[in-house]
Amino acid sequence: MGNAIAFYVISALILGFAMLVVTTKNTVHAVLFLVLNFLAVAALYVLLTAQFLAAIQVLVYAGGIVVLYLFVVMLVNLKRPPEDHSAPQRRPWLGFALAGVVLAQLGAILVWGGAGDPVDPHTMQNSDLALNNVERIGMLLYTDYFIPFEVASMLLLVAMVGAIILAKREL
Amino acid sequence: MIDTYFIPLVKILFVLNATLIAVTYMVLLERKVIAWVQVRLGPMRVGPYGILQPIADAVKLILKEDITPARADKWVFTAAPILVMVPALITFAVIPFGPSVHLFGRDIPLYITDVNVGLLYIVSVASIGVYGIILGGWASNSKFPLLASLRASAQLISYEVAVTMTLVSLIMTAGSLSMVKIVESQFNAGLWFIFVQPVAFVLFFIGGLAETNRAPFDMAEAEQELTGGFHTEYSGMRFALFFLAEYANMIVVSAVATTLFLGGWLAPFPNVAWLNVLELIPSWMWFLMKTFAFLYVFLWVRATLPRYRYDQLMRLGWKVLIPIAIANVVVTGIVKVLF
């Protein structure tokens, strides 16, 4: 019961903050609502007894990546009048079509996905998975998901090298 | 009912109040210590030996006029000091002050909670604290605070990398992220981790000085260059929140360093039999004594060392501390595999 209430409250917060991110005029405020959105997602992870993911969500997204967004947004002056933003080559139908595709995908997951039996949160809280969160995720990453993990880290390395080359051409 | 709601609430109230009192008295201690180093007396007027000075300070700050600059972003300007203070305070949720004590017929553990990702929780909450500094500088709509906040946040992000890499090697030694388990593994090893990971300890201490914006890394408050720092436009109680958050962060870093490297609530050399006399002193006293010894070193360093230049600070962070921290992780891994 308590878990269900918490879930709906947190979900409403997530959706509300997401709406505010795209509707707020002031860009810095939009970025701040994005932070709140990420924090609410972290709360959802805690509700699912995935404390490790929650901590990483806060550390990497809220505390790391969005700080860099904020730097860019603060230093670049975005207070231009709205005419400049509404470019003539905007295609509203393309946006609607893409949104329709996403909606269809979500519907397809609901209809054919068959997510298996939902796990009772009360049994989850004392299970091995909840108590040894970090160990279990570590084991999975270095055994079953070893290749995707390595590919992702290669990708990040390439991005880092690329950024350094772009920034320092005459190194 | 009592176990799930009442006792944790009492503990939270107690820890919050104790922390806030400790924070205000840290200000007095700092003034006193620096005065003694400079052969002065420090505050002497309010109460015997100036012991009531923090109360006088608090009254003064509350009564001061609270100014919001004309073209400041009002909401963000108000939120920024709170965003600095709150992360510093909620960190205490996972800091263990001692093992269980027997009170009123129950065993009460001397920590609010022990989550299995305790250390990660501290690191991630600390990373949220950067927002208060960035936003405080930005929302003031004034150039020096903006420059100071950019400096401060760049410094915090850089040193966060070094500190987190350092913690990795410690976690490898302890084999857990839970703060209580880290102390217990020091008990089982019979050694404080400062003797196992001396390099990590030094790195963590330097990183901790930089993370709390303390001398010699107090770039953000370089009065001579920035007319104050990111809080130049703040006055009254909102300024006080920034000011006190710095001390709260110092206490957090000291408490974390005590837990990770100095054996938390353990007495010195828990494995030596004839030193068992030391356990007559209760465990939480050991924790507090170690934490305060640490805080004293913070003040001592401030009274002794001049401030770094900004480019030197960045070079130290990225070209010295981070490589050493990574090397330390590699060496720890090799030693762990071999022995």
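**Exercise 1.** Determine whether Tyr49(B) is buried, partly exposed or exposed, and describe its backbone.

*Solution.* Step 1: the count for Tyr49(B) is 13 C-beta neighbours inside 10 Å. Step 2: a residue is buried at 20 or more such neighbours and exposed at 12 or fewer. Tyr49(B) therefore counts as partly exposed. Step 3: in this predicted model, Tyr49(B) is placed in the loop between α1 and α2 of chain B. Step 4: the phi of Tyr49(B) is positive, near 55°, and the residue is not a glycine. For context, most residues other than glycine have a negative phi.

**Exercise 2.** Carry out the corresponding analysis for Val39(B): where is it found, and is it buried or exposed?

*Solution.* Step 1: Val39(B) belongs to the loop that runs between α1 (2–37) and α2 (53–63) of chain B. Step 2: its C-beta neighbours inside 10 Å number 6. Since the limit for an exposed residue is 12 or fewer, Val39(B) counts as exposed. Step 3: Val39(B), although not a glycine, has a positive phi of about 55°.

**Exercise 3.** Describe how α3(B) and α4(B) are arranged relative to each other, and state which kinds of residue form their contact.

*Solution.* A pair of packed helices is described by the angle between the axes and the distance between them. Step 1: the axes of α3 (residues 74–90) of chain B and α4(B) come within 8 Å. Step 2: these axes cross at roughly 160°. Because angles over 145 degrees count as roughly antiparallel, α3(B) and α4(B) are roughly antiparallel to each other. Step 3: the crossing in which α3(B) passes α4(B) is left-handed. Step 4: on the α3(B) side, the contact includes Val76(B), Phe77(B), Leu83(B) and Ile90(B).

**Exercise 4.** Characterise the side of chain B that touches chain A by its helices and its residue classes.

*Solution.* Step 1: chain B and chain A each bring 16 residues to the contact. Step 2: on the chain B side, at least two residues come from each of α4 (118–139) and α5 (143–174). Step 3: α4(B) gives the largest share of that side, 10 residues. Step 4: by class, the chain B side has 12 nonpolar residues, 4 polar and no charged. Step 5: the confidence scores of the model are ipTM 0.84 and pTM 0.86. Chain B has an average pLDDT of 86, and 98% of its residues score at least 70.

**Exercise 5.** Summarise the fold of chain A, then locate Thr49(A) within it.

*Solution.* Step 1: chain A has 9 helices and 0 strands. Step 2: of the 171 residues in chain A, 13% are buried. Step 3: for contacts in chain A between residues at least 6 apart in sequence, 53% join residues at least 24 apart. Step 4: Thr49(A) sits in the loop between α2 (27–47) and α3 (51–75) of chain A. Step 5: with 19 other C-beta atoms within 10 Å, against the 20 or more that a buried residue requires, Thr49(A) is partly exposed. Step 6: Thr49(A) and Asn133(A) are 84 residues apart in sequence, while their C-alpha atoms are 8.4 Å apart in space.

Notes. Residues are numbered from 1 along each chain as its sequence is written. Chains are lettered from A and ligands numbered from 1 in the order in which they are written. This is a predicted model: local features need pLDDT of at least 70, side-chain atom pairs count only at pLDDT 80 or more; totals for chains, interfaces and linings use all residues. Two residues are in contact if their C-beta atoms, placed from the backbone, lie within 7 Å. Helices (H or I, at least four residues) and strands (E, at least two) are DSSP runs, numbered from the N terminus. Ala, Val, Leu, Ile, Met, Phe, Trp, Tyr, Cys and Pro count as nonpolar, Asp, Glu, Lys and Arg as charged, and the others, Gly among them, as polar. Axes are lines fitted to C-alpha atoms, for helices over the stretch in contact, and angles run from 0 to 180 degrees between N-to-C directions. Angles under 35 degrees count as roughly parallel, over 145 as roughly antiparallel, 65 to 115 as roughly perpendicular and the rest as oblique. A crossing is left-handed if the near helix is turned anticlockwise from the far one by less than a right angle, and right-handed if clockwise. pLDDT is the predictor's confidence in each residue, from 0 to 100.
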